[in-house]
Amino acid sequence: MVPGLRALIREMFRHVIGLLIGSWMVAVVCTCEPPSGGSVRDHADLNLAGVQALGKGELDEAVDFFGRANAIQPQNPEYLNNLGVVALRRNQVNEAAQYFTRATIADATYTRAHYNLGVAYQALKNDPLAIAAYKRTLELQSDAVEAYFNLGIVYSRSGKKPEALESYKKFVAR
């Protein structure tokens, strides 16, 4: 083990409690306002309804709403990302990776999709692609602490202990 790694990991886990424990660090995004009058009128309303359904664990309904929003705006990275999150929750990791990839193609600066793509590749144990996705996340948003944490995990699993240690240090420092 790299000198100091064990102590650093202990310190890191102290910071992690409440931040990462017990959940995938994937995010559903909704930049829309709630529907007025309770009706689902447009793609933003459909996305919001999908987020609400996902929050209740109603995955089929969430897919329906996100899919309908995506049908109206097929290049909206938010809707593609949200469909990927549902696929990930269903443990359909390959499908999730496809949605996240499509979201990054629709908007190369859409940070959340790059991060979620890293999560999917990490789950698939495709370390080189996970590393690339997390690095891109950090290029776009240097304070994405969860990317440093997951990058440390992937580097460690890949046998790249110095890089893992550096990622964990950056995670703890933020």
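Predicted model: local features only at pLDDT ≥ 70, side-chain atom pairs only at ≥ 80, totals over all residues.
At what angle do helix α7 and α8 pack, and how far apart are their axes?

**Entry on α7 and α8.** I looked up helix α7, residues 127-140, and found that it packs with α8 at an angle of about 155 degrees, the axes lying 10 Å apart. Because angles over 145 degrees count as roughly antiparallel, I noted α7 as roughly antiparallel to α8. The crossing in which α7 passes α8 is left-handed. I then listed the residues that meet: from α7 they are D127, A130, I131, Y134, K135, T137 and L138, and from α8 they are A147, Y148, N150, L151, V154, Y155 and R157. Sorted by class, this contact holds nine nonpolar, two polar and three charged residues.

**Entry on α6 and α8.** Next I looked up helix α6, residues 111-123, against helix α8, residues 145-157, and recorded an angle of about 25 degrees with the axes 11 Å apart. An angle under 35 degrees counts as roughly parallel, and α6 and α8 are therefore roughly parallel to each other. On the α6 side the contact is made by R112, Y115, V119 and Q122, while α8 contributes E146, A147, N150, I153, V154 and R157. I sorted the residues of this contact into five nonpolar, two polar and three charged.

**Entry on α8 residues.** Reading the two lists side by side, I marked A147, N150, V154 and R157 of α8 as residues that take part in the contact with α6 and also meet α7.

Conventions:
Residues numbered from 1 in each chain as written. Heavy atoms only, no water. Axes fitted to C-alpha atoms, helices over the stretch in contact; angles between N-to-C directions. Helix = DSSP H or I, 4+ residues; strand = E, 2+ residues; numbered from the N terminus. Parallel < 35°, antiparallel > 145°, perpendicular 65-115°, else oblique. Contact = heavy atoms within 4.5 Å. Nonpolar A, V, L, I, M, F, W, Y, C, P; charged D, E, K, R; others polar. Left-handed = near helix turned anticlockwise from the far one by under 90°.
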